[in-house]
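Have the model open in your viewer and your selection tool ready. We will go from stop to stop together.

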Amino acid sequence: MAIRFNPYFFATQYHPEVDPDDMKDRLIRCGDKEHMIEEYGEAKFEEIFSDLDDPGKLKVTYDAIIPQFLSRPCA
């Protein structure tokens, strides 16, 4: 999720520096798993966790979503 305020300033919730292995480790080690399950249910947690093994998910983000967002002019 991101919002562009003007041609020079935008904010985003996406963290491109996070790689799948670090995210898995964080979900399991830091207690985030329990929090996610409480908040969204075990099925959603499993879906998100398994998506981390899908290289296509991050590839689309890195190859399409981020570059298009950054190159799109402010309306």
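Start by selecting K24, a lysine that counts as buried because its relative accessible area is 18% (buried means under 20%, exposed over 50% and partly exposed in between, with a 1.4 Å probe and protein chains only). Before moving on, note that this is a predicted model, where local features need pLDDT of at least 70, side-chain atom pairs count only at pLDDT 80 or more, and totals for chains, interfaces and linings use all residues. Residues are numbered from 1 along each chain as its sequence is written, and side-chain values use heavy atoms, with hydrogens and water left out.

K24 sits in helix α1, residues 20–29 (helices are DSSP runs of H or I with at least four residues, strands are runs of E with at least two, and both are numbered from the N terminus). Which residues does K24 contact, leaving aside neighbours within four places in sequence? Select F49, L52 and D53; contact means heavy atoms within 4.5 Å.

Next, show L27, M36, F45, F49 and L52, which form the largest nonpolar core (a set of buried Ala, Val, Leu, Ile, Met, Phe, Trp, Tyr and Cys residues joined through side-chain atoms within 4.5 Å). In soluble globular proteins, nonpolar side chains tend to be buried together.

Now centre on M36 in helix α2, residues 32–40. M36 counts as buried because its relative accessibility is 14%. Not counting residues up to four places away in sequence, M36 touches L27, G41, F45 and I48. Draw a distance between the C-alpha atoms of M36 and I48: the two residues are twelve apart along the chain, and the separation is 10.0 Å.

Finish at F5 in strand β1, residues 2–6. F5 counts as partly exposed because its relative accessibility is 48%.
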